[in-house]
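Have the structure open while reading.

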Amino acid sequence: MSGPKPDKNSPARDPRRPVGGGDCDQRFRIDLMGVRSAQAARLRPGDLLQVVLLYDGDLRAVVCQTDRAETVGALSAFPGLSQLIECMEGGATYSAIVERSSPQACGVFVSRSNG
Amino acid sequence: MRVLLFSGGLDSSAIAYWKRPDICLTVDYGQRPARGEIAAAQAICAELDLRQETLAVDLKALGSGTMSGKPTSRLAKAEEWWPYRNQMLVTLAGMRFVADGLTEIMIGAVKTDVHADGKYPFLRTIDRLMTLQEGRVNVTAPARKLSPEKLLDVSGFPLSAIGLTFSCHVMEYPCGRCRGCEKHLATLAWAKRRSRNSDEREPRDERTKT
């Protein structure tokens, strides 16, 4: 896993997509998948996580990370994933508020944090 | 000693919960999602109070398909096909544990498996092959007649632990789009529907009783 590509001017960004595009204003509630128990166990309701795009070559995964860049789990169990990735590559950023968390599961509310 | 080949996916997690093997063995054979599989396997076994062990044998050079990051073979029935994968995993598990009293290797094949090494002729033959050798180890596939959904049902695997499972074929974190993730999400959606339906039924049952 090569990790995040934070440079918004990278070739992956689609310059035609405005950062403030309405179709990127996604808000949804979701359970994380591939939950990392140690990180999830330390979270409390109300904690803020960053939604980060991770790259492995040309593959991408959307994960939630703590402010110490520890990955808690992935956003994968929803139909708007491709749209979310496209928006993130276009410059939209998202955060996730922890609604419930335990060593087995982590439920978050995701919303846009810019634009 | 009963050993389960354990990837941390939904199917093998359900079998682990159902059959309570002595050891859940996760093999890092050079597949791209290995780190995700190991993390999930450790978390699930901690949750289920089962012993987990990881065996690393780098066979990446011999892989093909999405799990290895190489082109899919024209022989493959699905993009993730890795030649002789179950045969390799059974052999490695046997090599690791036969001198320690191994009696049975369980694999997570289910009814919907498309690869030949998940189907009955292979499963019967590999069992016969292993029992012909020292240790007379049996190879079983407890869920081979079950769909993933039926396996979840039969095993009683707790829905609260599903978030720990991991089925991605291509990355350390679930990509949400490969065949492994798609199957995972379909089974998850079924489990959630079933859970909602049973929740909805409960109040009616309560009213009937009163």
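## Chain interface

Between chain A and chain B the count is 1 salt bridge. Its partners are the side chains of Arg36(A) and Glu172(B), at 3.8 Å from N to O. The model is a predicted one.

The size of an interface is often given as the accessible area lost when the parts come together. Here chain A and chain B bury about 2000 Å² between them. Carbon and sulfur atoms carry 60% of that area. Chain A gives 25 residues to the contact, and chain B gives 24 residues.

## Salt bridges

Over all chains, the structure holds 14 salt bridges. One of them joins Lys183(B) to Asp11(B), with the closest N and O atoms 2.6 Å apart. This pair links distant parts of the chain. Lys183(B) sits in helix H6 (residues 179-209) of chain B, while Asp11(B) belongs to helix H1 (residues 10-19) of chain B. The two are 172 residues apart.

## Helix packing in chain B

Helix H3 (residues 85-97) of chain B packs with helix H4 (residues 120-131) of chain B: their axes come within 12 Å and cross at roughly 25°. Angles under 35 degrees count as roughly parallel, so H3(B) and H4(B) are roughly parallel to each other. Their crossing is right-handed.

On H3(B), the contact is made by Asn86(B), Gln87(B), Val90(B) and Gly94(B). On H4(B), Phe122(B), Ile126(B) and Met130(B) make it. By class, the residues of this contact of H3(B) with H4(B) are 4 nonpolar, 3 polar and no charged.

How values were computed: Residues numbered from 1 in each chain as written. Chains lettered and ligands numbered in written order. Predicted model: local features only at pLDDT ≥ 70, side-chain atom pairs only at ≥ 80, totals over all residues. Heavy atoms only, no water. Axes fitted to C-alpha atoms, helices over the stretch in contact; angles between N-to-C directions. Helix = DSSP H or I, 4+ residues; strand = E, 2+ residues; numbered from the N terminus. Parallel < 35°, antiparallel > 145°, perpendicular 65-115°, else oblique. Left-handed = near helix turned anticlockwise from the far one by under 90°. Contact = heavy atoms within 4.5 Å. Nonpolar A, V, L, I, M, F, W, Y, C, P; charged D, E, K, R; others polar. Buried area = accessible area lost by both parts, 1.4 Å probe. Salt bridge = Lys/Arg side-chain N within 4 Å of Asp/Glu carboxyl O.
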